[in-house]
Amino acid sequence: MQFGFDAAVRTTQRWLQQVFTPADSGSATSSADSNATTCKQDDVSQAAQNTRQEPMFEELPEDIRYHIHSLLPVQDAARAACVSHGFLRSWRCYPNLTLNERTLGLAGKKIKGREIDLICIVDPILKNHSGLKTLILDLLPFRNISASCLDRWLHAAVHSGVKELSLALSSHSEESYSFPCSVLSGEAAASSIQSLYLFGCAFHPTETIGHLRRLKILHLSCVHITEEGLEHLLSKSFALEELEIFKCSNIICLTIPCTLQQLKFLKVAWCQVLQAVEINAPKLSSFYYSGTALLGISVGDSSQLKDVHLVHPPCILYYARARLPSIARNVKSLTLASCGENVNTPMLLSKLPRLKKLDIRLLGLEPAFSPHYDALSLISFLQASPALDSFILRINQDVMCHDSVVGDDYIYLRKKPEFRHEHLRQVMITGFRASKSLVELVIYILESAPSLERLKLDTTDSDDRSSCTSRKPCRCSWMTKSNVADAHVAMEVAARCIASRVPSGVEFKVLGPCKL
């Protein structure tokens, strides 16, 4: 059945290409509902009659025609409404609207007066719409849209029963728009909205905000919201499963209440003044944090927390080794990205007994990393993780240039393996360098991981070498002559100091710079 619908969609799109000339393209979105645009309805209808295809759609059962229409991209759906009475009826029930500069035919238009054109187009579309499931208002290129128009569009969407609502506004607007709490205070919002995405506005929820009993996804990006306002919002969102907070600069302490019994995913990124995160959601399984400062993180019940990403804070390796066993003991997948470490990773007795996948990224440039940082100290994470299956270490090209082993034919392993990593099967290091401590780390792994199956050392810091082509260069193309020279030295060191130690059953690869 789906194949038949796909064929009908392709037929419809070919028909529309015959009807519309390039000069008409992009203008049809509005003309389905308004005479204020450049689409000439009578001319296009006559063209549609000339193709002798349009009556086929009129003869289809209404529910099938509606379904075919709903599968069309929004521009094609609007164009079809211009030239078919049947499609005009279904256009007014078209479920997924993405209204932006391109779909509204305003790309390339003069900046002056574009807001007026925008209003003339969007007003009739939303006024005449019903059965809306998704509304994406991507208005980033428009700087002076009146608050009354935005209020009107949002209320119309909620009244139509929208399930996914997204609003993105320019940060360069003359006046900051405040998202109206009244949009979320009625029964229409409570019974319909499942996803809410806000970008570039203010939002000040109060205790009068309605119970958003179906809201599952909430993303706030560059939104001016206070801790108190966020607390009111979360207290009325009992069904929330996913929460993202990005560049919200008024939050110092983020508290996730225990009433969020269904919350599984939490991402907090680049909130400038944030100092602490207190998590009391009992079913949280994934936590992502990105920022420039270490936080005070507390987790009330970490039994379900299995996936943790801590990205960019300095000394995050030290922090994670010291704190994670107490705040995320059951973690299975751990990603740590540090912009600098001024002390070695400590050797501790605490464990991460269920950790299976460990991804460590050393992002910083010297002197962000101490010249005395010892890569071999990373075995602290290996020794803390008896169930570890996969270990990935990604190193910025300039992080470990201070500890050269050029000229050394033999590396003496300072730390003899005290643990056997029985489950460790795969190890990959990108940005591999001729660093004595790094070579020691690889030798330690070879001598302590009897189940090892694959060891890959990549002398570039490219994550995906499969995309490296002359037409689509990867990170290799950004390497300086010095980087390339270092990479060749690293390959020689790997061949001299590591290759002979690799057991015969281990797949061993050393990758140099791409030959583009």
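Predicted model: local features only at pLDDT ≥ 70, side-chain atom pairs only at ≥ 80, totals over all residues.
Residues are numbered from 1 along each chain as its sequence is written, and side-chain values use heavy atoms, with hydrogens and water left out.

View 1. Helices (H or I, at least four residues) and strands (E, at least two) are DSSP runs, numbered from the N terminus. Of the 516 residues, 50% are buried; buried means under 20% relative accessible area, exposed over 50%, and partly exposed in between (1.4 Å probe, protein chains only).

**View 2. A salt bridge joins Asp123 and Arg152.** Here the N to O distance is 3.0 Å; a salt bridge is a side-chain nitrogen of Lys or Arg within 4 Å of a carboxyl oxygen of Asp or Glu. The pair links distant parts of the chain, 29 residues apart: Asp123 is in helix 8 (residues 114-127) and Arg152 in helix 9 (residues 147-159). Asp123 counts as partly exposed at 22% relative accessibility, and Arg152 is partly exposed too, at 39%. By this rule, the count comes to 12 salt bridges.

**View 3. Arg361 meets Asp359 in a salt bridge.** Their closest N and O atoms are 3.2 Å apart. Look at the two partners in turn: Asp359 is buried, at 3% relative accessibility, whereas Arg361 is partly exposed, at 29%.

**View 4. Arg454 pairs with Glu507 in a salt bridge.** The closest N and O atoms are 3.5 Å apart. Arg454 lies in strand 19 (residues 454-458) and Glu507 in strand 20 (residues 507-511), so the pair ties together parts that are 53 residues apart in sequence. Salt bridges that share partners join Asp389, Arg425, Glu453, Arg454, Glu507 and Lys509 into one network.

**View 5. Glu231 in its helix.** You can find Glu231 in helix 11 (residues 227-235). Glu231 counts as exposed because its relative accessibility is 57%.
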